[in-house]
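Please keep the sequence and the model in view while working through the points.

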Amino acid sequence: MQVGSIQMPTLLDRIPWMRFRGGIAEVAPPYFRPSVSRSFVHCRKNASNLCGFRVSSNRCLSIVSASGSSVDQEDNVVRVRFAPSPTGNLHVGGARTALFNYLFARSKGGKFVLRIEDTDLERSTKESEEAVLQDLSWLGLQWDEGPDVGGDYGPYRQSERNTLYKQYAEELLNSGHAYRCFCSSEELEKMKEIAKLKQLPPVYSGKWASASDEEVQEELEKGTPFTYRFRVPKEGSLKINDLIRGEVSWNFDTLGDFVIMRSNGQPVYNFCVTVDDATMAISHVIRAEEHLPNTLRQALIYKALGFQMPYFAHVSLILAPDRSKLSKRHGATSVGQFQEFGYLPQAMVNYLALLGWGDGTENEFFTLEQLVEKFSIERVNKSGAIFDATKFRWMNGQHLRLLPQEELTKLLGHHWKSTGILKESEGLFVEEAVQLLKDAVDLITDSEKALSDFLSYPLNETLSSSEAKPILEDSISEFADSLLAAYDSGELFDALDQGKSGWQKWVKSFGKLVKRKGKSLFMPLRVLLTGKLHGPDIGGSVVLLRTFGTGDIVGSQVGFLTLEERFKLLREVDWDSFNNKQTVLESMTVSH
């Protein structure tokens with residue numbers, strides 16, 4: 001073949017570079033300099049129209065994509081997309097895919113595009129689309145182009161791009177890469193059954209692939225419904241160099257001629273996504289590994305329309321602890337659910353980034369800005385990542401406690417008021433309560449129980465438990481008498497009115513009085529003053545109860561008891577009855 005060069009047709013004013021060499025058509029990516037990457041397309045039999053890769057009746061084609069071995073984006077525009085279907089909530093897997101696209105684009109100075117794939121008209125809803133956009137915004141993944149902000153490559157909803165799909169479908173039909181198929185559903189089902197009996201792949205038999213113009217015209221005149229099928233080469237293969245998975249290849253004989261336009265005029269997913277990615281100048285397709293098999297169909301469409309394939313990177317699935325695919329049966333799986341449960345967006349971004357990626361160090365805590373700085377697609381692992389709900393919860397707690405005190409107080413105060421525990425969302429009590437309880441809070445919603453427990457006084461329940469037996473046996477009634485005496489004299493409240501320092505001085509002198517220290521001093525104090533065996537710092541707790549002891553800020557349904565009311569109950573305790581209960585509990589344990 002004569003060596004020379006030709007000009008390819010323009011695609012939205014972006015002209016791929018192409019030249020012929022020794023029977024091989026070398027095509028540079030339309031959005032990159034020729035030196036960055038090349039794809040090689042070998043047409044082995046009597047092929048004409050290499051720009052569209054029209055193949056002969058032998059239909060032999062081999063595509064080898066050499067792109068993806070490295071990501072050198074010097075002076076080149078990186079454009080990635082996240083393309084959710086608005087048919088439900090944003091799953092954590094989708095959120096991670098969006099995050100990786102966002103991080104890659106930002107780390108390369110590129111564009112992050114949001115495209116809504118709403119061709120499933122029956123299941124797609126406006127409410128789902130709005131929820132997806134809200135979830136992405138909540139995570140802080142702001143897009144540069146999309147249905148709400150516009151851009152130079154819109155529309156950004158597939159349902160608004162039908163004219164474009166029909167245009168390219170007609171182009172494939174006219175070039176011979178597609179043909180009309182008039183097979184009925186019954187005929188197609190019969191083909192599947194025959195293939196199954198012969199133990200062959202359930203691929204289309206090609207009945208209408210070689211139909212004459214007269215046969216096609218006859219069916220058109222009868223008004224027979226038809227689809228558009230893409231003409232797949234009978235021999236050959238596709239090989240890509242995936243940025244995450246390395247070399248991946250498929251043989252064409254595993255794929256029959258596939259539908260690109262349904263009989264109702266609606267395009268099929270693989271056709272839509274190829275046309276969209278090409279006409280939106282997407283340079284890198286970063287998506288879940290479940291889309292890997294789609295690459296073969298999409299590559300054939302890219303080549304038939306003269307589009308250059310982008311780089312591909314297929315991210316592993318997120319797995320449950322049992323290594324099955326994460327689903328609703330494993331608990332919360334959507335971004336919206338985690339938001340409702342009290343998770344922070346920065347914690348979710350941090351945790352999702354670690355599901356399959358790491359910076360090579362032991363560090364596990366990153367802000368979104370730090371992730372942008374450190375992220376590289378080469379460090380994304382191709383193995384499935386386990387979603388550990390316990391670790392995610394723990395990580396959220398770490399992020400929660402790292403918030404500035406003012407921001408944390410605002411978050412928890414708002415939650416306390418909204419749940420009715422408190423009548424006010426701000427003030428000195430809220431500030432002190434947040435400081436006291438924050439170590440027991442991993443989720444914003446945890447703060448509800450933490451504050452409710454703090455305000456409660458379940459003395460009877462605690463003393464009746466088996467865990468209280470050692471305290472009851474340690475002369476607690478005499479200890480309670482000494483504590484009541486300190487209350488009656490006013491010395492306890494005088495000390496508490498001086499804050500934590502006053503409490504510390506009083507405890508020291510009270511310990512000397514009752515000849516106790518350490519656990520034998522503080523455990524009975526905790527039980528008698530808070531009604532519980534465990535909780536936050538006892539000194540801080542009692543000081544806070546005294547300072548805001550009137551309970552005016554506490555909601556009426558909480559059942560809060562002031563310190564004065566607690567001492568009143570203490571006077572009425574029948575210690576012998578609790579000792580008897582412990583004896584009964586002990587006998588029940590022995591009998592079992």
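1. A contact means heavy atoms within 4.5 Å. By that rule E117 touches A83, P84, S85, P86, Q158, Y269 and V273, leaving aside residues up to four places away in sequence. The model is predicted, so local features need pLDDT of at least 70 and side-chain atom pairs count only at pLDDT 80 or more, while totals for chains, interfaces and linings use all residues. Residues are numbered from 1 along each chain as its sequence is written, and side-chain values use heavy atoms, with hydrogens and water left out.

2. Is E117 buried or exposed? E117 counts as buried because its relative accessibility is 5%; buried means under 20% relative accessible area, with a 1.4 Å probe and protein chains only. E117 is placed in the loop between β7 (111-114) and α2 (126-139). Helices (H or I, at least four residues) and strands (E, at least two) are DSSP runs, numbered from the N terminus.

3. An open sheet is formed by three strands in the order β8-β9-β12, with antiparallel pairing. β8 (178-181) and β12 (258-261) stand at the edges with a single partner strand each, so one side of each has no neighbour in the sheet. Strands pair if DSSP finds at least two bridges between them; β8 and β9 (residues 227-230) have four. Within this pairing, R180 has Y228 in β9 as its bridge partner.

4. Helix α7 (residues 294-304) lies across β9 and β12 and runs at about 60° to β12. Here axes are lines fitted to C-alpha atoms, for helices over the stretch in contact, and angles run from 0 to 180 degrees between N-to-C directions.

Key
Buried means under 20% relative accessible area, exposed over 50%, partly exposed in between (1.4 Å probe, protein chains only).
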